[in-house]
Amino acid sequence: MQNQRVLFVALILVLCVPCFAFAAKYVGSAACGECHEAEHGRFMQYSKKATSWESIAVMAPKLTKAEQQECYECHTTGYKKGGFVSYEVTPELSDVGCETCHGPGAAHAEDGDPDLIKRKPDQEDCVVCHNAARVNDFGFKPLVNSGAH
């Protein structure tokens with residue numbers, strides 16, 4: 001029985017470790033700005049997404065921890081996808097950043113290959129947050145084409 005448990009654990013490790021090793025990683029918008037200065041500058045200056053954590057910070061005292069976490073999907077980068085964990089652990093991912101629309105950027109940032117990043121996001125990516133239910137709940141306009149760059 002002990003040998004079966006050891007074999008089972010070994011099998012899990014063999015099957016799962018490569019998934020973690022090759023999982024796409026987030027680097028934060030500042031890393032994008034190193035090569036894409038103009039786009040990053042316009043995004044930071046004009047896009048409300050670039051300061052989306054402020055909305056959570058303002059509302060936090062009125063929300064339970066569970067309610068705050070519901071906000072993270074649309075107000076942070078990569079929540080539950082290997083990105084944002086908490087403000088203390090991953091502050092560089094605490095706003096909606098470049099990688100929210102363009103996908104995790106570590107491989108692209110390291111290599112520079114444009115094929116390693118989503119160059120043009122699809123509208124399906126946007127409607128995760130910019131959808132009719134959220135428009136009704138929060139009264140914001142679904143500016144799906146307002147990336148500000």
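**Entry 1: the core.** I looked up the largest nonpolar core and found 7 residues: Tyr26, Trp53, Ile56, Tyr72, Tyr79, Phe84 and Leu93. A nonpolar core is a set of buried Ala, Val, Leu, Ile, Met, Phe, Trp, Tyr and Cys residues joined through side-chain atoms within 4.5 Å. Buried means under 20% relative accessible area, exposed over 50%, and partly exposed in between (1.4 Å probe, protein chains only). I noted that the model is predicted: local features need pLDDT of at least 70, side-chain atom pairs count only at pLDDT 80 or more, and totals for chains, interfaces and linings use all residues. Residues are numbered from 1 along each chain as its sequence is written, and side-chain values use heavy atoms, with hydrogens and water left out.

**Entry 2: Leu93.** I then checked contacts, meaning heavy atoms within 4.5 Å. Leaving aside neighbours within four places in sequence, Leu93 touches Tyr26, Gly28, Thr76, Thr77, Gly83, Phe84 and Glu99. Tyr26 and Phe84 are also listed in the core.

**Entry 3: the whole chain.** I found 9 helices and 0 strands. Helices (H or I, at least four residues) and strands (E, at least two) are DSSP runs, numbered from the N terminus. Of the 149 residues, 25% count as buried. Among contacts between residues at least 6 apart in sequence, 46% join residues at least 24 apart.

**Entry 4: Val96.** Is Val96 buried or exposed? Val96 is buried, with a relative accessible area of 7%. I located Val96 in the loop between helix 5 and helix 6. Val96 and Ser52 are 44 residues apart in sequence, yet 6.1 Å apart in space, C-alpha to C-alpha. Leaving aside neighbours within four places in sequence, the contacts of Val96 include Phe43, Lys49, Ala50, Ser52 and Cys74.

**Entry 5: Lys80.** I looked in the loop between helix 5 (65-75) and helix 6 again and found Lys80 there. Lys80 is exposed, with a relative accessible area of 72%. Its phi is positive, about 65°, although Lys80 is not a glycine. Most residues other than glycine have a negative phi.

**Entry 6: lining of a pocket.** I turned to the lining of the second largest pocket. Which helices each supply at least two residues of this lining? They are helix 2 (29-33), helix 3 (37-46), helix 6 (98-102) and helix 7 (106-111). A pocket, on a 1 Å grid over the protein atoms alone, is an open set of points where a 1.4 Å probe fits, with protein on both sides within 12 Å along at least five of seven lines; lining residues have an atom within 4 Å of a point.
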